[in-house]
Amino acid sequence: MQLEETQREFFSLKTFKEQLGAHRLSLSFQGMFSQDVLSLIGHTLKNAPDSRILSKRLFGLVVEMAQNIHHYSAEKVFSEKEQRDIGIGVVAIGESEEHHIICSGNYVENNVVEPMIERANYINQLSPEELKQFYKEQRRAPQRKNKPGANLGFIEMVRKSVNPIDVRVEQVDDKLSFFTLTVRVNKNI
Amino acid sequence: MENFHIESSTYIPRIDFDANTNVLEIEGESYHEYTIEFFQPVFEWLKEYLSSPEREITFNFKMSYFNTSSSRRFLEILTMLEDYQTDSNGKVTINWYYEESDIDMLESGEEYADDVNIKFNLIPVTA
């Protein structure tokens, strides 16, 4: 999208940088979640100063979020390299005193919102043992038609972050909603 | 039959299946966006390989990370091997290598070991 000169003035890189700093965001990406972008994020996270297991968990969480966007975002663009439509969205990695925080955002069609929230609520109230059983049960279930994902993402996120996932939905119009997913990982694991 | 080889890259694992020694090995990271497509040739090769009965197979998993979608494909591979034991008089041993401190990869191995009826060795590796 080409911004008009006057609109362009409203975007201040200084403000943007300050906002990133204020929310302690270390990494954020907006756009097409290609395989190459994911590899680059992975490389960055693995070189983070945290423990290996924590870095790997954070990376695993980003992978699941990015792949959700890649496959299921309602906003797509055609990738010449991969010769297919790829989802657009945003992922941001930040921190608070106690947590690493990973957020993802993308547009979804309104009709998927309800089942998604129900699934998240269901998974959030399971005990670790129940989560494990549900994961194994879903992994054995037949692959869903026309869906490349494993249907395990939310379960994995709760298991690996050891915290509930936070799902927020803002309806944009009669077709689309903006879907924000937040996962927190305790710094001391 | 021919051996099977895939070179690793950042998001695909190295795969080496040797039909003569019956040592099958997969190593590295696996988070391809389209694991059904990526693993298609792997399944085709395995199907032909397992059509010959009574093999004594050693399958070495040396994975350091895999996404949930790959996790499904691994279960499918293990289920094929489980069926091979019962239907074709095969003998299968899984060696699941994990980095000593990586409790997540150990847990993944334990969960697969629970899920299929195959001999599983969980083997810690010092980093």
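Which residues of chain B does the UniProt annotation "domain: SiaC family regulatory phosphoprotein" cover? I looked that up to begin with: the record, an unreviewed entry, gives residues 6-124 of chain B. I note here that I'm working with a predicted model.

**Entry: the annotated span.** I checked how residues 6-124 of chain B are built, and found 40% helix and 34% strand.

**Entry: chain B against chain A.** Next I turned to where the two chains touch. I got 31 residues from chain B and 36 residues from chain A in the contact. I also wanted an area, because the size of an interface is often given as the accessible area lost when the parts come together. Here the area buried between chain B and chain A comes to about 3000 Å², and carbon and sulfur atoms give 41% of that.

Entry: One I looked up is Arg159(A) with Glu107(B), whose side chains meet at 3.6 Å, N to O.

**Entry: the chain B side.** Which elements of chain B give two or more residues to the side that touches chain A? My list reads α1 (35-49), β4 (56-66), α2 (68-87) and α3 (103-115). α3(B) gives the most, with eight residues. Sorting the residues on this side of chain B by kind, I get 10 nonpolar, nine polar and 12 charged.

Note on methods:
Residues are numbered from 1 along each chain as its sequence is written. Chains are lettered from A and ligands numbered from 1 in the order in which they are written. This is a predicted model: local features need pLDDT of at least 70, side-chain atom pairs count only at pLDDT 80 or more; totals for chains, interfaces and linings use all residues. Side-chain values use heavy atoms; hydrogens and water are left out. UniProt positions are given in the numbering used here, feature names are shortened, and annotations may be inferred rather than shown by experiment. Helices (H or I, at least four residues) and strands (E, at least two) are DSSP runs, numbered from the N terminus. Contact means heavy atoms within 4.5 Å. Buried area is the accessible area (1.4 Å probe) that two parts lose on being put together, summed over both. A salt bridge is a side-chain nitrogen of Lys or Arg within 4 Å of a carboxyl oxygen of Asp or Glu. Ala, Val, Leu, Ile, Met, Phe, Trp, Tyr, Cys and Pro count as nonpolar, Asp, Glu, Lys and Arg as charged, and the others, Gly among them, as polar.
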